[in-house]
Structure formats: C-alpha cells, structure tokens
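Good morning, and thank you for giving me a few minutes.

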Number of protein chains: 2
Amino acid sequence: MMTVFSLDQRLAADSLPLCQTDISLLRVMRDARFVWLVLVPMRDDLADLVDLSPDDETRVMADVRAVSLALRKGTNCDKLNVASLGNMVRQLHVHIIARFESDAAWPGPVWGVGEATPLDDLPDWAQSVRQILITKNWSAS
Amino acid sequence: MMTVFSLDQRLAADSLPLCQTDISLLRVMRDARFVWLVLVPMRDDLADLVDLSPDDETRVMADVRAVSLALRKGTNCDKLNVASLGNMVRQLHVHIIARFESDAAWPGPVWGVGEATPLDDLPDWAQSVRQILITKNWSAS
C-alpha cells in the first residue's frame, strides 16, 4: 500500500503551498513582514536533519541550495538564513529566509518577533521564486 | 604561496577551539547556558552556504552531520538546532546546538536571549563530543 506523507497541522495552517520536488514540499510562511519559505522533507516521523538517511539528506540539501539560489536571484536579498530548529513544530522542516537590512527583525532572527502580518495569497516574490524553480524541474503545488 | 584562513575576530572572541577537519573548524560558544557549537568552513570571503562550491558544501554538510550525531550521542539532547544565519557576523558559520526542554531559551531560539554566562574552559560535554569526533578522524584544535 502506498503511504501518504502527512504535513503537520500547524505547519499547514501557518503556510501556503508553493512548489515541490520528489522529496521536498516548499511552502510560504503566512507572515507578510518577511520573505520566508519552509521546506518540508516528505518523510514521516523525523525531527532532525540527521534523521534523514544520508542519501535523503543529500537530496534535501540540494533542494535547499536550489531554493536559496532562487531566493537570492528573485529577491536580491542582503543575506540568507537557513535553519532547522523544530523546537515548537516537531516535524522536520527547514526555514529558508531572505533577509533585508530593512526588514522587521534585522539583524536578529525572525522567529518569535512580534505578531505576524496575515498573508492569504502568494506575494509577487513567491511567484518569482516559483517561476525560477519550475525551470529547475520543480512542480507547482 | 599558501593562503591562511582568517577566523572572524568576533567569532574568535566569542568561542573556544575544539577540533577540526580539513575544511571545518569546530568551536564552542562561550555561553555556559547552552550546549552550543559553531562550525566554520575554512574558506575566505563567503557569507552563505550557497557560496560554497557544491563539493565543499557536501563536505561541510557531512561535517555538520557528524557533529550533530556526536552532540546527540554525547549529550542525549531533546532536539538539535542547525542554522546558518550570519546577520551579525558575516563570515560563513553554522550553529549546531543541542537543545533541552530545560534550557534557558526553550522553546525559542538561543540567539539574542539575555546575557551570556561566561565560559573560559571547555565544559565536560564538549570534551565528550571531541572524543567522539576524534574517533571519526577529526583532529583536536
């Protein structure tokens, strides 16, 4: 029987679908203050990057690299932040954030800063990033 | 002429040397509240993981994986946090932190939380982690 990956309910509520590879779901965090993506490896019951098999980690990190390059190209950001934390949502996920010296949390990290500005539709930057990734064989979600 | 990698001055002041591979320096953050390592790829003038060549990124991520596994084994932590931020110190570095539900920042991230508790000598946990890594062909620094 085929198993179906289940996205954590809080991650699902806090983000919008963007695009995917065979192993990674890429989603946009619903906070209009930041250019903030979350990549979720479609593997059940993992919490840390090291819980991935070495082969899966290689594939996931290749996807993180492609997303990072697309974010940099699509947004002309000042810095990338890439992080696997998961202290609150246990399901393994990787934050990939384009940071700007003008953003609401600079130079601190974005987690736990103030209140999110709600986001209901994909912003222009996310559509640009998706366009770039689709040329690299990602599929729209 | 051989080039010599220069560690950022603030990173040097805020951490203690632990061990290294051909490409990575591993250092202990001088904050006794946390089990907090920083891995610095010995490549000049890079800010983001994607600035590494693909081959170097593979080597660095293999080192991050070895350190993560050693931390988990050496500390029996509740969660690993792995992050490349660099908004304050530009030189590329990767935080690898063993988190505990009892630690001073849980479940938030450790950056920018309160004042560091000074640390002048390697704590026991760091010596355990170094012992594990030396069996994986790391060298003491």
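**Helices, loops and cores**

P54(A), E57(A), M61(A) and R65(A) of α2(A) meet P54(B), E57(B), M61(B) and R65(B) of α2(B), with contact meaning heavy atoms within 4.5 Å. By class, this contact has four nonpolar, no polar and four charged residues; Ala, Val, Leu, Ile, Met, Phe, Trp, Tyr, Cys and Pro count as nonpolar, Asp, Glu, Lys and Arg as charged, and the others, Gly among them, as polar.

A word of caution before we continue: this is a predicted model, in which local features need pLDDT of at least 70 and side-chain atom pairs count only at pLDDT 80 or more, while totals for chains, interfaces and linings use all residues. Residues are numbered from 1 along each chain as its sequence is written, chains are lettered from A and ligands numbered from 1 in the order in which they are written, and side-chain values use heavy atoms, with hydrogens and water left out.

Now look within chain A, where helix α2 (residues 54–75) and helix α3 (residues 124–134) have axes that come within 9 Å and cross at roughly 125 degrees; helices here are DSSP runs (H or I, at least four residues), strands are runs of E of at least two, and both are numbered from the N terminus. The crossing of α2(A) past α3(A) is right-handed. On the α2(A) side the contact is made by A66(A), V67(A), A70(A), L71(A), K73(A), G74(A) and T75(A), and on the α3(A) side by W125(A), V129(A), I132(A) and L133(A). That contact has eight nonpolar, two polar and one charged residues.

In chain B, the axes of α2 and α3 come within 9 Å and cross at roughly 130 degrees, and this crossing, too, is right-handed. Among the residues that make the contact are L71(B) of α2(B) and W125(B) of α3(B).

Let us turn to the loops. Which peptide bond is cis in chain A, with omega near 0 degrees? It is the bond from W106(A) to P107(A), and P107(A) sits in the loop between β5 (94–99) and α3 of chain A. In chain B, the bond from W106(B) to P107(B) is cis, with omega near 0 degrees.

N76(A), although not a glycine, has a positive phi of about 55 degrees; N76(A) lies in the loop between α2 and β4 (79–84) of chain A and is exposed, with a relative accessible area of 65%. Exposed means over 50% relative accessible area, buried under 20%, and partly exposed in between (1.4 Å probe, protein chains only).

Is L92(A), in contrast, buried or exposed? At 2% relative accessibility, L92(A) counts as buried, and its place is in the loop between β4 and β5 of chain A. L92(A) and D48(A) are 44 residues apart in sequence, yet 5.8 Å apart in space, C-alpha to C-alpha. Not counting residues up to four places away in sequence, L92(A) touches, among others, V40(A), L46(A), D48(A) and S84(A).

Finally, the core: the largest nonpolar core has 66 residues, and those with the most contacts inside it include L26(A), L37(A), L71(A) and L71(B). A second, separate core of 32 residues includes V38(A), A105(A), V89(B) and V110(B). By nonpolar core I mean a set of buried Ala, Val, Leu, Ile, Met, Phe, Trp, Tyr and Cys residues joined through side-chain atoms within 4.5 Å. L37(A) touches L71(A), W125(A) and V129(A), among others, not counting residues up to four places away in sequence.

How values were computed: Axes fitted to C-alpha atoms, helices over the stretch in contact; angles between N-to-C directions. Left-handed = near helix turned anticlockwise from the far one by under 90°.
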